[in-house]
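Hello,

Here is the structure we talked about. Please open it and keep it on screen while you read my notes below.

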Amino acid sequence: MCRLNTCFNTITFLLVLLLFFSGRLSAQEKSKLPDIEEVKLIGVDRPDTSGLHHVVRNLEDNLDHFPVKSAAFYYHQLGKYYSLQSPNYRKAANYFNRSHELVSDLPDSLKNIEYSTLENLGLVYTKLSKFDSSVWAYELALKFIEQINNETYNSKQALLYIHLTELALNGFNNLKLSKEYLDKAKKYRNFALDTTEIDCQLATSYGRYFFNEGNYDLAKEYFQKSLKLAELRNPRERRNLQNISYSYLANINFDIGNYKEALKYDLLSLELEKGENNPANLIASYNNLGEDYLLVGKPDSAFYYYSQGLQLAENLGSAERKIEVLGNLHEFYAGQNDMSSAYNTLKERSFLIDTLTAHKTKIRYNELLRKYEAEKQEKEIKEQQDQIDLLKAQEESARLRLILIISVIVIGLVIAFFIIRNNIKTREMKARQIQEMSQFKDSVTGMLAHDLKNPLSVILKKHDNNETVNYMAGKMLTLVQNMLDVRKLEQAKLVLQKEPYSLETIIDDASNQVKPLLDEKNIHINTDLDSSWVNVDKELIQRVFINLFTNAIKYSPLNSSILVKSESTGNKVAISITDSGNGISEEDINVIFEPYRQVSPLSSGNVASTGLGLTFCKLAMEAHHSNIDVDSNPGNGTTFTFELEKSSVQTQAATKVEVENNNQLTSSERSYASEVLPKLQTLKFHNALFLDDVMDEVDTKDLKNLKPIIKALSNAAFSDNRAHYDKLIEEMKQMTV
């Protein structure tokens with residue numbers, strides 16, 4: 001038995017040794033890097049990339065085992081592979097950045113990798129549309145060249161300024177800056193040893209510059225020159241230069257109306273695009289050819305290329321590209337009088353746009369939510385750190401008091417000073433955080449209110465015969481409008497539309513708005529009014545009465561009454577509204593006008609509200625240069641009083657828009673009307689938010705003669721009156737002629 005145990009233990013020990021050494025061998029095998037010559041091949045631009053994938057995989061499996069002195073070289077080669085052989089620009093940017101971080105460890109024989117890394121990093125960032133990062137990489141490359149002061153880099157300086165020219169043109173749309181870079185590139189070209197590549201790039205860049213400047217003759221001349229010089233370059237560069245030149249030559253001929261020439265160059269560009277791995281560019285080529293063929297009178301060919309683009313967009317799964325192609329197909333069907341297909345295409349495109357918009361909104365919401373959670377977590381960490389710091393400060397203070405008992409008074413004063421200062425900073429910090437959270441809350445509230453406003457307005461217009469729906473939608477719309485106007489009034493962004501109105505008419509309209517509430521509790525509104533007219537913004541003042549009537553009804557008993565009185569005093573009209581409720585305590589009176597503040601549940605009869613109604617009333621009165629006061633004692637009802645400006649004119653302003661002649665508008669008004677008219681013509685119906693923004697801008701710029709027609713357009717949109725809306729658009733066109 002003892003021998004059997006000894007034998008078993010020996011076998012177990014041998015098995016453990018075998019597993020250990022096999023693990024060591026597999027680890028050594030995994031950590032073995034490819035040969036240096038193989039690594040050099042993965043960064044070379046060549047058509048045949050077979051056999052390179054296993055080298056790349058091996059490198060990526062051993063990222064942690066790169067030798068320190070050559071790690072930058074390995075990362076640089078991986079970056080070139082993913083920027084040239086197998087385009088993945090995010091990966092390429094990551095590897096180039098890691099190479100740049102480690103270039104200081106390279107031996108002198110590989111120092112030139114630093115320049116190559118920075119240049120390629122700039123090119124990759126441009127592909128990713130990170131233009132500021134591209135400028136950063138190119139400027140570091142220029143600084144590297146200045147430091148080594150070697151004339152062999154003159155050609156590279158010229159190429160860097162050409163790259164910066166492309167950024168100025170396509171990234172920042174700055175013609176002046178692009179010209180400065182071109183001049184610098186031309187200067188260094190004169191000192192370069194080999195100018196072949198520079199001349200090709202310069203010709204292309206000058207062509208782009210003159211194209212953006214609108215000088216098509218010079219642009220064509222430089223692109224033709226670029227095509228000739230491209231024949232001297234390697235296959236990849238030649239294809240790239242030819243593709244750029246063909247595309248721009250097609251655009252130039254298209255813009256000048258030479259559609260047959262445009263078609264010729266777009267076909268040449270398409271053949272090159274088919275050889276590239278860029279579906280987005282290929283879809284754009286199909287779209288261009290569709291337009292060309294349509295304009296040269298070959299609709300069948302146009303339909304073929306539009307269909308090819310649509311099929312490729314569907315295979316690619318790109319909603320943006322599919323929307324673009326569907327837009328062209330819709331115009332094609334409409335031009336061919338195939339209205340059924342045009343409608344179906346437009347319907348599919350609208351559905352994709354709505355889906356894409358909803359997706360982007362969801363992404364934005366999730367981003368805001370993550371930001372909020374991060375800020376909340378950061379705040380908690382900061383508070384914990386403050387507590388820790390405070391405890392450390394207290395411990396240090398106690399230790400110092402024990403050691404330096406003789407100086408206790410001085411030390412006590414110093415400690416008190418630091419504690420007070422820390423407390424002040426903490427309070428300031430918390431106050432700032434509270435303010436930021438309040439601003440964030442206001443922003444979200446404003447967005448929600450804007451999103452609710454349009455649908456509620458449409459419900460109101462569509463349910464005129466349903467009293468319950470009409471009332472509840474009107475009540476919600478009033479709450480939403482209160483939220484929006486409170487923000488505008490607080491930020492002084494609401495411009496009043498003051499006109500003469502009959503006070504009695506305003507009160508009657510407000511009473512009709514709250515009639516369902518009055519009938520529910522059998523409450524009557526009694527009036528004791530003189531025949532005054534007031535100069536006010538009717539919409540705001542009417543909602544002041546609605547809010548005050550609603551409050552009075554809420555807190556009044558059944559079968560009671562509300563008294564409204566007015567009395568003229570000089571150029572003012574004093575108005576009071578008195579209810580028969582339980583009244584408001586002195587403590588609650590001090591806070592009822594603050595946002596989101598309500599009286600106690602006992603005082604309010606357990607009636608809930610948003611707490612914005614009286615805030616709106618106070619701000620609306622202040623906007624009219626008036627104040628609202630409250631007088632109340634518990635058990636004796638409540639009276640709200642305020643004054644309005646008396647009007648000597650008793651004729652109400654007309655709201656009908658009449659177009660007499662072009663002199664109705666000033667030159668600045670005609671210019672602004674011409675600017676917004678295309679947007680108003682293509683506006684998605686019921687999107688009155690844009691009309692609200694236009695009205696605000698008209699008020700801000702004091703374009704008085706445009707106010708009536710913009711207001712009428714907004715009313716037509718809210719009332720679902722498409723015919724009247726289109727008629728007003730035609731009138732507005734005549735005003736801008």
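Is F223 buried or exposed? F223 is buried, because its relative accessible area is 0% and the cut-off for buried is under 20%. Keep in mind that this is a predicted model.

Now the aromatic rings. A search of the whole structure turns up 27 aromatic pairs. One of them joins F211 and Y216. Their ring centres are 5.6 Å apart and their planes meet at 25°, so this pair is stacked. Stacked needs planes under 30 degrees apart. F211 is buried, at 18% relative accessible area. Y216 is partly exposed, at 23%.

Next, go back to F223. Its ring pairs with the ring of Y248. The centres lie 4.9 Å apart and the planes are at 15°, so F223 and Y248 are stacked too. This pair links distant parts of the chain. F223 belongs to helix α11, residues 216-230. Y248 belongs to helix α12, residues 235-255. Y248 has 14% relative accessibility, so Y248 counts as buried.

Two more places to look at. Find Y75, Y81, Y82 and Y95: ring pairs link these residues into a cluster. Then find K264. K264 lies over the face of Y265, at 4.7 Å from the ring centre.

A tip for reading the numbers: a pair of aromatic rings is described by the distance of the centres and the angle of the planes.

Best wishes

Key:
Residues numbered from 1 in each chain as written. Predicted model: local features only at pLDDT ≥ 70, side-chain atom pairs only at ≥ 80, totals over all residues. Heavy atoms only, no water. Phe/Tyr/Trp six-rings, centres within 6.5 Å; stacked < 30°, edge-to-face > 60°. Buried < 20%, exposed > 50% of the residue type's maximum accessible area, 1.4 Å probe, protein only. Helix = DSSP H or I, 4+ residues; strand = E, 2+ residues; numbered from the N terminus. Lys NZ or Arg CZ within 6 Å of the ring centre and 35° of its normal.
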